[in-house]
Amino acid sequence: MTPQETNEMPRSAERSLALITAPVAALLAALLALLMPANPRLGDALNRALPSETDRRVVLVGIDDASLRDYGRVGTWPRELYGQALGTLEQAGATAVGIDVLLTDPSQNDERLKDAFSRANVVLATAPGESTLLASPEWRSPTGVSALNVSRDGIVRTFQTAYPDAAGTLQPSFARQLAVAAGKSVDLSDQPRVLRYAAPDRDRLPVIPFRDVVNGNVRYGDIQGKIVLIGLTASGTGVGGVRDVTGQTVPGTELQLRAVSSLLSAPFTTLPTWLIALLSAVIAVAAVLARGLWGFALAMAALLAAALLWLGNILLPGVTLSLAAIIGTALVAAERWWNLRTLALRDPLTGFGNRVAFTRALEQRWATRQTRPLGLLLVDLSGFRKVNEVYGSHAGDELLRDLSGRIMQQKRRGDLIFRWGPDEFAVLLDQASAHETADVARRVQESLERISYRDLPLRASVGAARTGEDIQTPVDLVEAASRSRYRVKYQREQRG
């Protein structure tokens, strides 16, 4: 063992377990990011707290209670009403019109709608799985699947630009087709997109009643250049209502309008899974290295970063990153518990067990002394106090590290070393014969013969004892080793 290794030994007892806990934290955090399902709660909170404005290019024409009183149920009224409404909207200069009403009943076919429902800027809604099924094969307007992604808790958080049909072919969604009809380029994808929540805006144009559009009682300025969505908004119909992120039930048509508005806005960027795993690992390691309760500060910072990035249309899983920071903090707490548990039995300077640890080890091995004889060495260093007085405690610590390193070199595998006192060490020999006990004692004594500190002389005395018929208790073994040590010291003084 080199002097440098000897000098670093005591640090190992006090050294943080970060070399172990940091990699463990990184691994657990990465696994968390890879295996943990997406938690929508933070997204809901951010969506509610940081709502976006509905794009003012989108206008909702609602089939409200008054329209139903005038025309009856949607499925029974004459379909030329749609033609009249489309005529009004065309005259007003609407850019695109979407009819979010399912028109798939052949018995209600009206050939007079052929021209109205064959325009490129008119989008017709179809049911999921029936994207190409319309009441008339002569209607040439683009169609889109009128569907919403309803989660298990009944809340609509996302939408898609395409949905697979029974054959697995992607069919464009109603919102996507309406955005395309208005001139927006949108790719077909079945990947969920965040449905932006829009808080009520008093300055925004209210829902235009459908019957007013049919009768032409609208201001053309409210329609010109706009994307118009026609859908059911009447209350008490029992259909079309779904819950948004606020938990309130709203017409499905209104959420379709939000979907179109979301497509017209800059899309959210979803970070790749590998990057989330890497960020989680980094935050967990940072929490370990920061120590203390800084991990909770990192957890709060992750949530704050998620909110700030939300404003920049970047989806950051702040809950996952926060849990990664808490994992790091939990490992710091476990590390401190371990240190408190072990430091009570360990000498912080040398890293060896202290006197309490020696007593426990001796008591644990005492029961098997008949089959596994125990040997004990007690090492005493004369002159240690003089070193402390002349050169200070730092010099004394350096001397003890040197002494402990020399003893460490002579012990056998399975033997235990303890710091017995301020300048004393104990070596507990396992399964030691009389010859082995004497041999280890001799080698330790020889390794300490030339020990010194600068100009101060030092003397080491090694006493040895072994269990036998005359040793009945652990105290007897310690006293026998002490007598042997004093005998060695006395003989040295006589020779000197």
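Colleague: Let us begin with R57: how does R57 count in terms of relative accessibility?

Modeller: This is a predicted model. In it, R57 counts as partly exposed, at 42% relative accessibility.

Colleague: With which residue does D55 form a salt bridge?

Modeller: The partner of D55 is R57, and their closest N and O atoms are 2.8 Å apart. D55 itself counts as buried, with a relative accessibility of 15%.

Colleague: How many salt bridges does the structure hold?

Modeller: There are 19 salt bridges in the structure. As background, side chains of opposite charge can pair when their charged atoms come close.

Colleague: What about R258, which residue does it form a salt bridge with?

Modeller: R258 pairs with E254, with 3.1 Å between the closest N and O atoms. Both residues lie in helix α9, which covers residues 252–264, and they are 4 residues apart, about one turn of the helix.

Colleague: Why does that spacing matter for residues on a helix?

Modeller: An α-helix has 3.6 residues a turn, so residues three or four places apart point the same way.

Colleague: And R258, buried or exposed?

Modeller: R258 counts as buried, at 5% relative accessibility. E254 is partly exposed, with a relative accessible area of 27%.

Colleague: Which residues are linked with D439 in a network of salt bridges?

Modeller: The network links D439 with R442, R443 and E446. Within it, R442 and D439 form a salt bridge whose closest N and O atoms are 2.6 Å apart. These two residues are 3 residues apart in helix α16 (residues 434–447), a separation of about one helical turn. R442 counts as partly exposed at 39% relative accessibility, and D439 counts as partly exposed at 23%.

Colleague: Changing topic to aromatics, how many aromatic pairs does the structure hold?

Modeller: The structure holds 11 aromatic pairs. One of them is formed by Y71 and F210, an edge-to-face pair with 6.5 Å from centre to centre and 85 degrees between the planes.

Colleague: Where do Y71 and F210 lie?

Modeller: Y71 is in helix α4 (residues 65–71) and F210 is in helix α7 (residues 210–215), so the pair ties together parts that are 139 residues apart in sequence. F210 counts as buried, at 0% relative accessibility.

Colleague: What kind of aromatic pair do Y82 and F210 form?

Modeller: Y82 and F210 form a tilted pair, with 6.0 Å between the centres and 55 degrees between the planes. Y82 belongs to helix α5 (residues 80–92) and F210 to helix α7, so this pair ties together parts that are 128 residues apart in sequence. Y82 and F210 are both buried. Ring pairs link Y71, W77, Y82 and F210 into a cluster.

Colleague: Which ring does R355 lie over?

Modeller: R355 lies over the face of W420, at 3.7 Å from the ring centre.

Colleague: What of helix α15, how many residues does it have?

Modeller: Helix α15 spans residues 393–410 and has 18 residues. From its first C-alpha to its last it reaches 26 Å, close to the 26 Å expected at 1.5 Å a residue. Its buried residues include A395, G396, L399, L400 and R401.

Colleague: Lastly, the backbone: what is phi of N313?

Modeller: Phi of N313 is near 60 degrees, a positive value in a residue other than glycine. N313 is in the loop between α11 (294–311) and β15 (314–315), and it is buried, with a relative accessible area of 15%. Q431 also has a positive phi, about 50 degrees, although it is not a glycine. Q431 lies in the loop between β18 (424–430) and α16, and it is partly exposed, with a relative accessible area of 42%.

Note on methods: Residues numbered from 1 in each chain as written. Predicted model: local features only at pLDDT ≥ 70, side-chain atom pairs only at ≥ 80, totals over all residues. Heavy atoms only, no water. Expected span 1.5 Å × (residues − 1). Buried < 20%, exposed > 50% of the residue type's maximum accessible area, 1.4 Å probe, protein only. Phe/Tyr/Trp six-rings, centres within 6.5 Å; stacked < 30°, edge-to-face > 60°. Lys NZ or Arg CZ within 6 Å of the ring centre and 35° of its normal. Salt bridge = Lys/Arg side-chain N within 4 Å of Asp/Glu carboxyl O.
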